[in-house]
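I opened this model to look up its charged and aromatic side chains. My notes are below.

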Amino acid sequence: MKQNKITILDINKEMFETKLNNIDANKISETIEKASSYIVDGEELILSSNEIKYNNKKTEINSYDNIALILEKLGAKKIKSKEFKKTLYNLDNVKISFESWPLIPRFASLEGNEEEVRNIFQKLNMTNRTTTYGINDIYEEIYGIDLEDIKNLRF
């Protein structure tokens, strides 16, 4: 089955959560996700809430804050950081994430096989504008915000 992801823009949180409850979506988690980029030995290291990416290798972590502190004590230079709020749901093998990012309206993403995503979208009865863009393109293409100019993207 072909995988599909659709992003629903300009979401009203209360209305969306009510619709998810009405279709019996299971709330999995509610988190504040963080990511930072550092320069280590001339190479970029990306630290996210659950992993480090460096030299084309990924390593899972369990404490963003502890790893960030270690990197800074070792002299790694932080060049960018961002955070966003994410609530994750699941229904019929579709991952539904509701996200709040700084500077732009809230949005939701549905991810799973094409038919199941289409079915959930229809069940939600959403009339909002949709896109298949990733987060960087949502900022740039839809809202005209160049993330390269923002070094600290936080609430």
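These entries cover salt bridges, a charged patch and aromatic pairs.

**Ground rules.** I am working with a predicted model, where local features need pLDDT of at least 70, side-chain atom pairs count only at pLDDT 80 or more, and totals for chains, interfaces and linings use all residues. Residues are numbered from 1 along each chain as its sequence is written, and side-chain values use heavy atoms, with hydrogens and water left out.

**Salt bridges.** I looked up the total and found 8 salt bridges. The term needs a side-chain nitrogen of Lys or Arg within 4 Å of a carboxyl oxygen of Asp or Glu. Lys 27 pairs with Glu 30, with the closest N and O atoms 2.9 Å apart. I noted Lys 27 as partly exposed, at 48% relative accessible area. My scale: buried is under 20% relative accessible area, exposed is over 50%, and partly exposed is in between (1.4 Å probe, protein chains only).

Next I checked Lys 53. Its partner is Glu 51, and the closest N and O atoms are 3.7 Å apart. Lys 53 is partly exposed at 35%, while Glu 51 counts as buried at 18%.

Then I went to Lys 80 and Glu 148, which form a salt bridge at 3.4 Å, N to O. This pair links distant parts of the chain, 68 residues apart: Lys 80 is in strand β6 (77-91), and Glu 148 is in the loop between α4 (135-142) and β10 (152-153). Helices (H or I, at least four residues) and strands (E, at least two) are DSSP runs, numbered from the N terminus. Glu 148 is exposed, with 52% relative accessible area.

Asp 149 counts as exposed at 61%.

**Aromatic pairs.** I found 3 aromatic pairs. Rings of Phe, Tyr and Trp (its six-membered ring) pair if their centres lie within 6.5 Å; planes under 30 degrees apart are stacked, over 60 edge-to-face, and the rest tilted. Phe 16 and Phe 98 are stacked, because their ring centres are 5.8 Å apart and their planes at 20°. Phe 16 lies in helix α1 (13-22) and Phe 98 in strand β7 (94-100), so the pair ties together parts 82 residues apart in sequence. Phe 16 is buried at 0%, and Phe 98 is buried at 3%.

Phe 84 and Trp 101 are stacked too, with centres 4.0 Å apart and planes at 10°. Both Phe 84 and Trp 101 are buried. With Tyr 139, they form one aromatic cluster.
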